[in-house]
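Trainee: Please take one part of this assembly and look at it closely for me, starting from the fold around it and ending with how the copies are arranged.

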Amino acid sequence: MQIAKVRGTVVSTQKDPSLRGTKLLLLQLLDEEGHTLPEYEVAADSVGAGVDEWVLISRSGHAACRVQGNEDRPLDAVVVAIIDTIYLEKRQIYNKREQYR
Amino acid sequence: MQIAKVRGTVVSTQKDPSLRGTKLLLLQLLDEEGHTLPEYEVAADSVGAGVDEWVLISRSGHAACRVQGNEDRPLDAVVVAIIDTIYLEKRQIYNKREQYR
Amino acid sequence: MQIAKVRGTVVSTQKDPSLRGTKLLLLQLLDEEGHTLPEYEVAADSVGAGVDEWVLISRSGHAACRVQGNEDRPLDAVVVAIIDTIYLEKRQIYNKREQYR
Amino acid sequence: MQIAKVRGTVVSTQKDPSLRGTKLLLLQLLDEEGHTLPEYEVAADSVGAGVDEWVLISRSGHAACRVQGNEDRPLDAVVVAIIDTIYLEKRQIYNKREQYR
Amino acid sequence: MQIAKVRGTVVSTQKDPSLRGTKLLLLQLLDEEGHTLPEYEVAADSVGAGVDEWVLISRSGHAACRVQGNEDRPLDAVVVAIIDTIYLEKRQIYNKREQYR
């Protein structure tokens with residue numbers, strides 16, 4: 001999985017019928033220290049992530065179908081977790097609570 | 001998924017028999033601000049996208065087979081949605097209607 | 001899928017038993033204007049492509065198994081179509097007949 | 001598979017329900033000589049790897065589901081082995097015991 | 001598939017139980033002319049490749065499971081063939097016998 005930050009949303013009316021009701025987030029990938037990477041991803045969200053939150057994304061069609069409700073959706077990326085904390089060696093790189101203090 | 005812009009089509013007569021009737025679009029990938037990226041993709045379209053429209057592409061063989069009619073096709077990329085709007089933080093980066101005014 | 005040009009073949013005697021009878025082509029990837037990219041791929045061919053022809057390759061193990069006869073082969077790339085024409089906006093970038101006149 | 005070094009952990013409360021109980025490691029990828037690469041991966045661990053250990057990671061949703069207990073988890077990367085030794089030609093590049101002497 | 005050269009082995013005791021008995025080779029990727037690329041891969045071998053041999057590797061979890069005995073293994077890369085000859089246009093780029101004369 002990769003670490004990413006929620007930056008926005010993508011809205012579509014004319015789409016594969018299976019995607020009705022799927023929330024699509026626009027995410028910026030971050031490196032392991034939390035610095036912004038040039039890469040982005042549009043992923044389906046089922047964990048309720050909001051703008052600025054750090055999440056884990058899983059990028060695999062096989063993985064995307066493991067999320068309940070996605071079994072028949074043509075997705076290649078999903079948000080699987082909202083991150084609370086990241087520890088790198090003994091340093092705390094990210095803490096969701098401090099971010100929002 | 002990645003954001004891409006429809007640029008053209010690829011036509012083939014001699015192909016895997018399962019691909020008969022599949023429309024293959026030539027798509028240029030865009031970054032999250034809508035700037036052109038060097039990467040392109042040829043993807044099967046079943047949502048009826050036309051030249052210059054912005055779409056979402058899903059790049060996974062497993063995902064491609066989730067689109068009705070593609071179950072037995074050897075595809076690794078499909079157009080899954082025509083984009084209406086993209087919001088990045090609070091800015092509207094793209095609006096299909098304004099694009100075509 | 002990506003556009004590629006057939007450049008040669010790879011021959012092997014000692015291989016996974018399922019690959020007996022599989023023709024393996026050496027392909028150079030092309031960009032959307034037909035310029036040579038540094039990347040290559042070795043892919044199984046079942047459409048009968050020959051040297052210098054432009055083809056579409058699908059790079060996914062899941063997709064490769066969708067080609068009849070490949071169901072049990074450990075392939076990650078297959079030639080799925082010989083390209084007749086490529087249109088980019090309103091220009092014709094490639095026409096197989098003109099190529100061979 | 002790629003060689004990676006365990007650097008830390010990622011903790012999440014709000015996540016896909018299937019991920020409860022999954023330990024997520026933050027891993028830095030290494031090249032074949034053991035030098036640090038810029039790439040990282042967050043992968044599920046079921047072999048009990050600890051910080052500074054060198055491991056093999058498998059990056060594929062299909063592969064991740066082959067690990068017992070992961071069958072229904074939306075993972076795209078898993079730690080599959082803790083490395084004892086790496087031999088490159090006739091040189092021993094890495095030996096876990098010497099690392100921890 | 002990609003062309004690669006066998007450079008060594010990776011040994012592990014503490015690993016996913018399904019990997020017992022799997023030989024893991026360390027491979028350097030080669031370009032289509034046989035020049036060394038910076039990328040490497042650790043792949044399971046079931047064709048009996050030895051150091052310095054040129055092989056084809058298939059990098060897909062779905063493909064890896066198609067090799068007999070690998071059905072339940074969390075692999076994302078496998079050696080599928082030992083290369084005898086590579087032809088690029090009309091030149092012979094590689095011949096296993098000449099390599100070992």
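Mentor: Read from the N terminus, the elements of chain A follow the order β-β-β-β-α-β-β-β-α, that is, two helices and seven strands, where helices (H or I, at least four residues) and strands (E, at least two) are DSSP runs numbered from the N terminus. This is a predicted model, in which local features need pLDDT of at least 70 and side-chain atom pairs count only at pLDDT 80 or more, while totals for chains, interfaces and linings use all residues. Residues are numbered from 1 along each chain as its sequence is written, chains are lettered from A and ligands numbered from 1 in the order in which they are written, and side-chain values use heavy atoms, leaving out hydrogens and water.

The C-alpha trace of chain A spans about 45 × 25 × 25 Å along its principal axes. Its radius of gyration of 14 Å agrees with the value near 13 Å that a compact globule of 101 residues would have, the radius being taken over C-alpha atoms and the globule rule being 2.2 Å times the number of residues to the power 0.38. Of the 101 residues of chain A, 60% are buried (under 20% relative accessible area, with exposed over 50% and partly exposed in between; 1.4 Å probe, protein chains only). Among the contacts of chain A with a separation of 6 or more, 51% join residues 24 or more positions apart, contact meaning heavy atoms within 4.5 Å.

Thr85(B) is buried, with a relative accessible area of 10%. Leaving aside residues up to four places away in sequence, Thr85(B) touches Gln92(B), Tyr94(B) and Asn95(B), and also Thr9(A), Val10(A) and Val11(A). Between Thr85(B) and Arg97(B), 12 residues apart in sequence, the distance from C-alpha to C-alpha is 8.9 Å.
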